[in-house]
Amino acid sequence: MWFFPVFTGSQYTIFHNTLQYSLNRLHQQQGQKGVGNMWHERTRKILASTLAIALALSMLGLGGCGPADEPDDEDEDVARTETVKIGVHTSLTGGLADYGFAAAEALKIAAEDFSGFEVDGVVYDIELVIRDDKGEPAEAPVVAQQLIDEGVVGVIGTLTSGAANAALPIYQGAGIPMISGSATAPDLTEQGYENFFRTCLRDDVQGEALGLWAAELGAERAVVMDDRGDYSVALGNEVEQTLEAEGVEVLRQSGQEGDVDFSAQVSSMMAFDPDVVIFTGYHREAGLLFKQLREAGSDAQFMGGDGIKSNEIAEGAGGAENVEGTYSTFGGFAQEGMPGYTEFAARFEQETGVEAGPYAENNYDALGALVEAITTAGSFDGADIIDALHEITYAGVQGTLSFDEKGDVSVPGGAGTDLIPRFQFSDGNWEFIG
Amino acid sequence: MSPEHIFGLTVSGLTVGMIYALIALGYTMVYGVLQLINFAHGEVFTIGGYIAASTLIWIGVDATTPLAVKVLYFTVAVLVSLVLTATLGWLIERVAYRPLRGQTRIIALLSAIGTSIFLQNMIVIIFGPQPIIMPTAIVPTGFVEIFGARIRILQIVIIVVSLLLMGLLTWIVKGTRIGKAMRATSQDREAAEMMGIETNLTISFTFVMGSALAAIGGFLVAMYYGSLQFNTGFLYGLKAFTAAVLGGIGNIPGAVVGALILGLAENWGVGLSLGVLAWLLVAGLGLGLYFQLVRAPRQRISHIADEFRTPAYERQVRNVYRFAPVLAVRTLLSERTDALVHVSAQHALRLMVGNIIIFGLAIVFFASGDMQFASKWQHVISFVVLMAILMFRPSGILGENIQEKV
Amino acid sequence: MAAITARISSFFGRVPRWVYIVAVLAFAIAFPMLEYFGLMQTLWLRVGTRALVYVLLAVGLNLVLGETGLLHLGYVAFFAVGAYTTAILSSPRFDIQWNFWVIIAIAMGLAMLFGFLIGVPTLRLRGDYLAIVTLAFGEITRMTLNNWEGLTNGPGGIPGIYPPQIFGWTVDSPAEFFYLLLVTVVIVVWLLNNLKNSRIGRAWNALREDEIAAHHAGVGPTRAKMLAVVMSSGIAGLAGAIFAYYQQFINPTYFLFMQSVIVVSMVVIGGMGSIPGAILGAVVLDTTPEIIRQTFTSWLPAAIGPDFLPGVQAAMQTEFDRYRMAIFGLVIVLMVVFRPEGLLPNKLWRREMHEEDPRELEKTGQHLFDFEEGTQDLEV
C-alpha cells in the first residue's frame, strides 16, 4: 500500500530535463541584458508558484489514490475477522472540546464492547475514524467528506447542532446514516432527512421541562437569559414560551458568549426583582452571572439547562457558595434511572482517568444502536441500515431505546417532559433530585 | 424605572467607563505620537490581567491569609504585571512597528492587526482556552448602600485608582521633561529630533506607559468580574478605541470623557426602557434639527467673503440645508457648483441622514412602548456610536490633538 | 546560490504570461476530473471548491486593499449579505425558491448598496479610521444577523438551502459547484484585470501612492474609491450567494471577524495589488491547514502505523487549530516587515516598498531608475 507522493521515474526525468533545458538556455543568453528581460520579474514568480501549487496539489491527488484496504482483496479462506470503519464526527477543539473528548472516549469504549459482531457468517471488528470539525460549521462539510472518503458505513456525530446542519446534506447524499449523541436542536429532525437519528432529547422538550419546573416552584416573575449561541437561544425561547403560557411574568435578557461583564443586565434584573433567574447558556457565563447577581444582593433561585451542569460552575462564580442550591435540567435521560450507567461511568473513569462527561452515555448508545441496526439489516448498505434503525429496539446504557419516524429517540413508558431529569448544586456537586 | 435602578446603572456605567478610559489612554497616546492605531493594545490589556491573576494563583492566596500579607502579595502581583506588560509593550513597538516607520499607515496597521491576532492566540496556547479565575480572597467584597442601590467597595476603588492614574499621566505629559519630549515628538518628529530629542526613546516610553496603564486596567477588570478570557481584550480594546475617537484622538482628557460617555451609554442603553430612550432621542432630534436648520447654515454663511455676500447666495446655502435630500443630491451630482454650496450640500446630506435615523429610531422605540431595550444589542451600541461619531464628527467631542503631516 | 536562483528566475521570466494562465486554467479544469477518475479523494474537491470561494473573496478584497490602498476589515459582512440573500430566497425558511439569476442579482445589488452606504460617510476619513469603521460594520452586520430572529432565524441559521438551477441544470455535486465557481472566478478575474489596466485602475493606483498628488492630477478621490468599494462589495456578495448554495446551510458563525482577517492575510501574503498573488494567497492559506491535518491524521499513521508518535498526532488533532491562527498573525507581521510586496508582487508596490535612498544606491553603483526596464515603468 502506498499513499504519499512518490516520484516515478518518468516524472523525475521530465523534471530533470526541464531543469537542464533551462540551464542550457541560460548559459547561451548569459550577459544578454535588455528587452528580453522585461517579462521575467513578474512572470517568473507566477510560473514558479503555479508550478509549486500544481505539483503540490497533484501530489495530494496522487496521495489519496492508493487502493483502499478492501476486505475482499484478502484471502477468503483465511480471513474470518474483518474490519468495518465507523466515523466519529466530533469537535475536539473549540469551545466545546470537553464534550468532544467525552464523546470520543465513550465511543472508544463502545468500539471495544461492540467489536466482534457477526454479519453473514463473518465477524467484524470496529475501527473508529475520529475526525475533528473544531465546532465550526464551515469545517463540517469537509470533515464529512473526509469520513465518506475513508469509506465509513455509518457516522456517530456531530457534536453540535450547527455542524449537524452543515454536514447532514453531505451524509444524506452519500446515503450514510448519522446518529448524534448531543445535537439537540429541534429543527434537525423536522427537515425530512431520513438518515439522521439522535440518542439525546430535543431542546424544546428540555426547555418546556425547565419552564414547567420554574412555574412549579411558584415563580411569578422570572428572568430568562441566553448567550446568543444557537443552543442557548433555542432553549431560552422554549423556556420563555412555556413560562408565559403558565402565566409567569418574564424578562428576557441576553449576554454574549465570552462576556465577563453582565453589570447592565444585572442592574435590569435587580430592578425587575425576579423570583427565578434562568440562564440557558454554558457554565462559564452562568458562574459569572450568578456571582454578579449575588453581589448585587439578589436572592432569586438560579436555574439553567444542561449547559450549566458542570462542577466548574463554582470556579467562575468565585466559590461554590454563590451557586449553592442552583437547579439544572439535563437534555438526556436521568442517569440515575439508567440500568447500566453506574457500570458505564466506572469503566469510563477507569479507562480515561476522568469522570464521564456529559453525553458520554448517549454517544455510547449511538454506536450500540448502529451496530444493532447493522446486524438486524444483515448488510452494510446505508439504506438498509437506515430502515433497520427505525425498527430496532436497543437495550443500552440509557435503557431500551427506539427511534420514531423522524429519528428522535423514544423510550417505552415515558414521554415528553417527564423524561427530563432534575439536579441541584450542593457542596460543589450536582446532585440528582428527581 | 426606579431612581435606585438609574443610580445603579450610572455607577456601573462609570466603573466600566473608567476601565475603558485606562485602555483608551494607551490608544490615544500612541496615536498622538505615531498616528498609528495600536491594535494589539487590547491584547496587552488582557495579558496584564492574566499575568497578575496567575501571579496571585502561583503565590497562593486564600481566605486565611492575614490582611497585611494580602496587601504585600497584591503589590507584588501588580508590580510583576506592570513590569512584564510594559516590557511586552516595548517589544511590540520594537519588533512590529519600528521597522515600518515611514511606510504607509495601512502597512503599519496590518502589522498591528497581525500582532494582535498572534498575541490573542498565544494567550490560548500558553494559558489554555478556559478563562483564568482571579483568587477571590484578594478581592474586597464589601459594599455600601447609597440611595438604596448597592455599590461595591471595589467599584469605588476602581474609580478612585483610575482618577489617580489619570492625574499622574496628565502630570507626566504636562509637567515633566519626558512629557515635553512626547508632545514635541507628536507635533513633528523630525523637528524634535533636530532639537536633540531622542524620539525613539520617547516613542518607546509612550508604549511602555500605555501598556502599564493597560496592565492595571486588566488587573482591575480581573478583580471586578473575577475572571478574564483570552478574547476579552479584543472587545474592550475596540470599545476603548471608540472612546478615544469619541473624545477626540490624541486628546488625553478627551479619551476619559469619551470612555465615560460610552460606559454610561452602554449601561443606560440596556437598562432603561425604550420609552425613556425614545424621549432622549426626541431631545437629540431637536438638537440635530437645530444644527441642520439654524447653526450649520449660519456658520457656512459666515464663511462667505463680504464682497460675494448677496441675499441670493445666502438663500442658496440655506436652501441646501433646508431641502437637503432633493437639493443636496442635485447639487452633488452637478459638476459645476460653487465650492461652498458643494461642501454645504455634503454636510447637509450627512446631517439629514443622521436626523432621519434618529427620527426612525424614536418612532420604533415609541411603538415598542414600555419594553426594555433588548440586551442582545448591547455590544452593537458601541459599534453604532463609533460609526456615528466617525460619520458626523470624526474629530471627536473635544477635538483631535494630532498634527497631520502631508 | 544567488546566481542559481537568478538563473532559474531568469528562465521563468522568459516564459510568456499566457503560458502560466493556460497552465493554471488547464490544471483547474482537470482538477475535478482527477476525482471523477478516482485519482483523488472527493475531500480535495471540496477543499478546492472552498478555496475557489476564498479566491473570489481575496480577488475582490484586493481591489480595495491592494489596488486602492484602503484597509477593509469588515469584508466578510458583504459575503454574509450575499449568503443570507440566497438562504432567505431559496430555502424552506419562507418556503420560496427564486431563480438563480435573480438571487445572484439581488445578492450583488444588496451587497453593493451596503458598500455604497458604508462608503458615503467613511471614504472621506483617514485610511486607518476606515479600517475601524469597516470592522465595526462587519460586527454590526453579524450581530444583526444573529439577533434578527424573524428574518434570519438568529443563531440557529438557515438549513436546507435548495440547489441552484441554471438553465435547467441543477448544480448539486461538488464537481458541478467547482466548475460553477471556476467560471465565476475566470469572469471576475478577467474583468478585474481589464479594469486594473484601464483609466480607473490607474486612478486607484495613483490614489494609493499619493492621494493629494492624485487629486491634483485630476482624480476624484471619493468617486474612484467609492467605485472600488462598491465593486469589491459586489464580488463578495456574489461569492456569498454561491457559497450558501454550496454549503446548503448558513448561520452567523460563518461570518466572524476572523474570517475577514483571513481574507486580508491572503491578500497580504499573495501580494497587495497583484491578482495572481491574491489567487495564490487564497489557495495556499485555505489548503495548507487541510494538508497538514490530513498528513497527521491519515497519511503518516497509514505510512508508519497508527501508533506513530501518538503525542504528536493528538497534538496535531487538538492543538493545531490554535497554532494556525497564531501563525496567521505572525505571518502577517513577518510579511509586512520583511516582504511587504508579498509572494507574487505587483511591480509598482514592490518598487514603492523598497524605495531606497539615492545616495546609498550611488555607492553600490546601482541606479535609482532601472533604465533597462524603461518600458515597464509606463505600463504599470
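# Sheets, helices and core in a predicted model

Trainee: Over how many bridges do strand 15 and strand 16 of chain A pair in the antiparallel sense?
Mentor: Strands (E, at least two residues) and helices (H or I, at least four) are DSSP runs, numbered from the N terminus. Two strands pair if DSSP finds at least two bridges between them. For strand 15 and strand 16 of chain A, paired in the antiparallel sense, the number of bridges is 4.

Trainee: What kind of model is this?
Mentor: Residues are numbered from 1 along each chain as its sequence is written, while chains are lettered from A and ligands numbered from 1 in the order in which they are written. Local features need pLDDT of at least 70, side-chain atom pairs count only at pLDDT 80 or more, and totals for chains, interfaces and linings use all residues, since the model is predicted.

Trainee: Which residue in the turn of the hairpin of strand 15 and strand 16 of chain A has a positive phi?
Mentor: In strand 16 of chain A, A:Asn429 is the bridge partner of A:Ser426. The hairpin has 2 residues between its strands, and the one with a positive phi of about 55° is A:Asp427.

Trainee: What is the average twist from one strand to the next in the open sheet of 7 strands?
Mentor: This sheet of chain A has the order 8-7-9-10-11-15-16 with mixed pairing. Strand 8 (249–254) and strand 16 (429–432) are its edge strands, each pairing on one side only. From one strand to the next, the twist averages 25°.

Trainee: Which residue is the bridge partner of A:Ile278 in strand 10 of chain A?
Mentor: Strand 9 (residues 276–279) and strand 10 (residues 301–304) of chain A are paired in the parallel sense, over 4 bridges. The partner of A:Ile278 in strand 10 of chain A is A:Met303.

Trainee: What angle does the direction of helix 6 of chain A make with that of strand 11 of chain A?
Mentor: Axes are lines fitted to C-alpha atoms, for helices over the stretch in contact, and angles run from 0 to 180 degrees between N-to-C directions. Two residues are in contact if their C-beta atoms, placed from the backbone, lie within 7 Å. Helix 6 (residues 203–216) of chain A packs on the sheet and touches strands 7, 9, 10, 11 and 15 of chain A; with strand 11 of chain A the angle is about 150°.

Trainee: Are helix 3 and helix 11 of chain A roughly parallel or roughly perpendicular?
Mentor: Helix 3 (residues 97–114) and helix 11 (residues 341–352) of chain A pack at about 105°, with axes 10 Å apart. Angles under 35 degrees count as roughly parallel, over 145 as roughly antiparallel, 65 to 115 as roughly perpendicular and the rest as oblique. Helix 3 and helix 11 of chain A are therefore roughly perpendicular.

Trainee: Which residues in helix 11 of chain A meet helix 3 of chain A?
Mentor: Helix 3 of chain A contributes A:Glu105, A:Ala106 and A:Ile109. On helix 11 of chain A, the residues are A:Arg347, A:Phe348, A:Glu351 and A:Thr352.

Trainee: Which helix of chain A gives the largest share of the side that touches chain B?
Mentor: The contact takes 24 residues from chain A and 28 residues from chain B. Strand 8, helix 8 (263–272), helix 9 and helix 10 (313–316) of chain A each supply at least two residues of the chain A side. The largest share, 7 residues, comes from helix 8.

Trainee: How many residues are in the largest nonpolar core?
Mentor: A nonpolar core is a set of buried Ala, Val, Leu, Ile, Met, Phe, Trp, Tyr and Cys residues joined through C-beta atoms within 7 Å. A residue is buried if 20 or more other C-beta atoms lie within 10 Å of its own, exposed if 12 or fewer, and partly exposed in between, with C-beta atoms placed from the backbone. A:Ile278, B:Ala21, B:Ala24, C:Leu57 and C:Ala58 have the most contacts inside the largest core, whose residue count is 332.

Trainee: What share of the residues of chain C is buried?
Mentor: Chain C has 18 helices and 6 strands. Of its 380 residues, the buried share is 51%.
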